[in-house]
Amino acid sequence: MSGPTISAIVPTYNRAGVIAQAIHSVLSQVPAPDEVLVVDDGSTDNTVAELAQFGDRIKVLTQPNAGAAAARNYGVREARGEWLAFLDSDDLWSPGRIATFLRDIKTAAADVVVHVANFTFSNSQQDVFTANGASFPEGHAVRLADPFDENVPGPYLQCSVLRASAVNDIGGFDETLPIHEDVLLFRQLALRGAWLVTGDSVGLYRRLEDDDVALMDWESSNPIAFYRSRVGSNATLLEAPNLSPARRAQVARDLSGAQFQLAAAHAAQGDTAAARKALFASVKTDPAPRTILRALLPAILGQSGYAKVLKRRNSSLRPDMPTAAREKV
């Protein structure tokens with residue numbers, strides 16, 4: 001194919017029943033990616049045997065089970081393309097996925113580091129942008145010169161193409177984070193260059209019956225790990241040298257909010273000492289009057305104080321967002 005070179009990266013773990021469908025959706029692209037890298041993250045099912053049917057049309061990379069971030073980083077290290085297009089092994093690209101990217105990138109300036117398209121949820125047929133209250137045109141992409149503060153839905157790696165040099169400069173995905181590593185990478189990329197965003201849907205986001213690794217499942221089943229990861233993601237971003245004062249304050253507010261939610265998670269499990277430590281960290285990170293007032297309720301009322309604050313927060317969230325809008329690991 002002419003134009004920029006593209007590496008498709010498909011991490012997988014125990015997806016023998018669906019991995020072939022995902023790969024077929026990649027290989028059937030016209031034009032096709034320059035290479036397809038499938039990273040098997042230590043699968044214990046029949047995944048490797050399923051991959052054998054594709055022969056040299058794909059490059060299979062194997063590693064002991066180390067998580068999504070490590071698997072994607074393996075693919076990034078081995079990729080030779082100028083651009084990296086990701087697909088989760090239970091999702092599908094639509095015909096024209098690569099063509100949509102090439103259509104938009106051919107006239108783009110050299111400072112573009114991310115191309116974002118739309119994606120459709122299989123359980124509702126609603127699209128990512130609509131679910132997140134965003135609107136972007138179809139048929140072409142708009143340029144966001146300063147994407148950090150824009151309402152771009154995501155992160156959805158399945159519908160994004162990333163400039164390889166920018167990803168490598170950042171150091172790839174943060175492997176210390178079991179989740180939110182993609183959130184962090186997108187926010188880091190938003191500080192490094194312009195984005196192109198199109199409303200064209202380029203794939204299908206699927207939640208399978210046995211899918212137990214959704215981000216919101218983590219929030220309910222292991223809230224301490226969930227909020228620790230959010231804290232870690234924001235803390236890393238806060239160290240970015242190119243944050244403006246206004247953005248540094250914004251990230252500090254996000255970090256403070258994550259620390260508050262971590263405190264609430266500890267309190268719900270009866271760990272009062274850990275809850276107080278996280279609550280103090282929340283105020284120290286963002287010592288604004290509203291943050292202090294937020295901390296006073298649980299400091300005075302205990303667990304019921306956390307419940308009051310979080311109830312107020314949850315009531316402000318959109319009730320119509322489909323379950324599948326919660327990012328998978």
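Residues are described here as buried when their relative accessible area is under 20%, as exposed when it is over 50%, and as partly exposed in between, with a 1.4 Å probe and protein chains only. The structure is a predicted model, in which local features need pLDDT of at least 70 and side-chain atom pairs count only at pLDDT 80 or more, whereas totals for chains, interfaces and linings use all residues. Residues are numbered from 1 along each chain as its sequence is written, and side-chain values use heavy atoms, with hydrogens and water left out.

Ser-160, found in strand β8 (residues 160-163), where strands are DSSP runs of E of at least two residues and helices are runs of H or I of at least four, numbered from the N terminus, is buried, with a relative accessible area of 1%. The side chain of Ser-160 reaches the backbone oxygen of Tyr-156 at 3.0 Å. Beyond neighbours within four places in sequence, Ser-160 is in contact (heavy atoms within 4.5 Å) with residues including Leu-84, Phe-86, His-115 and Phe-186.

Ser-229, in helix α9 (residues 223-238), also counts as buried, at 2% relative accessibility. Although Ser-229 and Leu-177 are 52 residues apart in sequence, their C-alpha atoms are 5.7 Å apart in space.

Terms used
A polar contact is a pair of N or O atoms within 3.5 Å; within protein, one must be able to donate a hydrogen and the other to accept it, and residues adjacent in sequence count only if both atoms are side-chain atoms.
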